[in-house]
Amino acid sequence: MARTALVTGGSRGIGAAISKALKAAGYSVAATYAGNDEAAATFTAETGIKTYKWNAADYEASKAGIAQVEQDLGPIDVVVANAGITRDAPFHKMTPEQWNEVVDTNLTGVFNTIHPIWPGLRERKFGRVVVISSINGQKGQFGQVNYAATKAGDLGIVKSLAQEGARFNITANAICPGYIGTDMVMAVPEKVRESIISQIPVGRLGEPEEIARCVAFLVSDDAGFITGSTITANGGQFFV
Ligand code: CAA
């Protein structure tokens, strides 16, 4: 039977590419989204991938949504915690709201997504967990104290889960994308974006599919010995 995969933030940007790649690899895929009904409806119409609406920042909503996915598609074997937001501002201008929104979605949201699924992975003695972190969790970024903190925190989650999951045949890994051509990056002021691209040795933004292919590999049976690791895919912008 096909394995079931959950992709949060899976109807747009990098998440949409991940959902499509996993479907193409034979998984039964559920993609979540928080707000954009129109994009989700279009995504489902174009791909046949079912979408579910809940806010990853809300634990009870995540738990209920995951229960619904499992009722519809069967037990979740693969979880890709991809949902993330930015609220960029230099630190002296950053508000507590900007800090909290980003922490609630990008860090607590990862807990909320994996925690309800984890007992089932342990019971069935198989699981693949992938968290989409960021280059900026590795190097920091002017204007992203909040975002960089959460993305660095995501690496701590993965390294710890890898240790707890190992004896249950559960792997946990992170991917740190560099700047990818999505709405999130296109929202950066053009002049700033041009200057960022000039710092990428391959001379271009990444493509969402280039991250999706990393996910497809990490969740495959071939990647069973890879756990607690970080795949860095950033066009050479930063070496860990
Ligand atoms: N390094 C050093 N100084 C910088 C700087 C940088 N990277 N960026 C801006 N500054 C300086 C400016 O030159 C300016 O200096 P002066 O006052 O002397 O002129 C000062 O800082 C203030 O800059 P701004 O007036 O531009 O400040 P602002 O409040 O209008 O906006 C900002 C600042 C929102 C951080 C804006 O610079 C920005 O959007 N930067 C991009 C941040 C970024 O890379 N975000 C990534 C989003 S995509 C993503 O997150 C996906 C992923 O995982 C990669």
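**Figure 1. Lining of the largest pocket.** The largest pocket is lined by 49 residues, and those nearest its centre are Gly84, Ile85, Thr86, Tyr147 and Met184. The model shown here and in the other views is a predicted one. Two or more lining residues come from each of helix H1 (13–24), strand E2 (28–33), helix H7 (135–139), helix H8 (145–165), helix H9 (183–186) and helix H10 (190–197). The volume of the largest pocket is about 1100 Å³. Sorted by class, its lining holds 24 nonpolar, 21 polar and 4 charged residues. Rolling a probe the size of a water molecule over the atoms shows where empty space is left.

**Figure 2. Strand E1 and its two partners.** Strand E1 covers residues 4–7, with Thr4 and Leu6 pointing one way and Ala5 and Val7 the other way; all are buried. E1 and E2 run parallel and are joined by 4 bridges. Valine 7 has alanine 31 as its bridge partner in E2. E1 also runs parallel to strand E4 (residues 76–81), again with 4 bridges. Here alanine 5 has valine 78 of E4 as its bridge partner.

**Figure 3. Helix H1 between E1 and E2.** Together E1, H1 and E2 make a right-handed β-α-β unit. H1 has 12 residues and spans 17 Å from its first C-alpha to its last, close to the 16 Å expected at 1.5 Å a residue. Its buried residues are Ile14, Gly15, Ala16, Ala17, Ile18, Ser19 and Leu22. Just after H1 comes glycine 26, which takes a positive phi of about 100°.

**Figure 4. Helix H8.** H8 has 21 residues, and its first and last C-alpha atoms lie 30 Å apart, close to the 30 Å expected at 1.5 Å a residue. The buried residues of H8 include Asn146, Tyr147, Ala148, Thr150, Lys151 and Asp154. Further along H8, Leu155, Val158, Leu161, Ala162 and Gly165 are buried. An α-helix has 3.6 residues a turn, so residues three or four places apart point the same way.

**Figure 5. Serine 198 in a loop.** Serine 198 lies in the loop between H10 and helix H11 (208–218). This serine 198 counts as exposed because its relative accessibility is 61%, and the cut-off for exposed is over 50%. Serine 198 and glutamine 237 are 39 residues apart in sequence, and their C-alpha atoms are 9.5 Å apart in space.

Note on methods: Residues numbered from 1 in each chain as written. Predicted model: local features only at pLDDT ≥ 70, side-chain atom pairs only at ≥ 80, totals over all residues. Heavy atoms only, no water. 1 Å grid on protein atoms, 1.4 Å probe; cavity = no way out; pocket = protein on both sides within 12 Å on 5 of 7 lines; lining within 4 Å. Points joined across faces, edges and corners; volume = space filled by probe spheres on them. Nonpolar A, V, L, I, M, F, W, Y, C, P; charged D, E, K, R; others polar. Buried < 20%, exposed > 50% of the residue type's maximum accessible area, 1.4 Å probe, protein only. Pairing = 2+ DSSP bridges. Right-handed = clockwise from strand over helix to strand, strands pointing away. Expected span 1.5 Å × (residues − 1).
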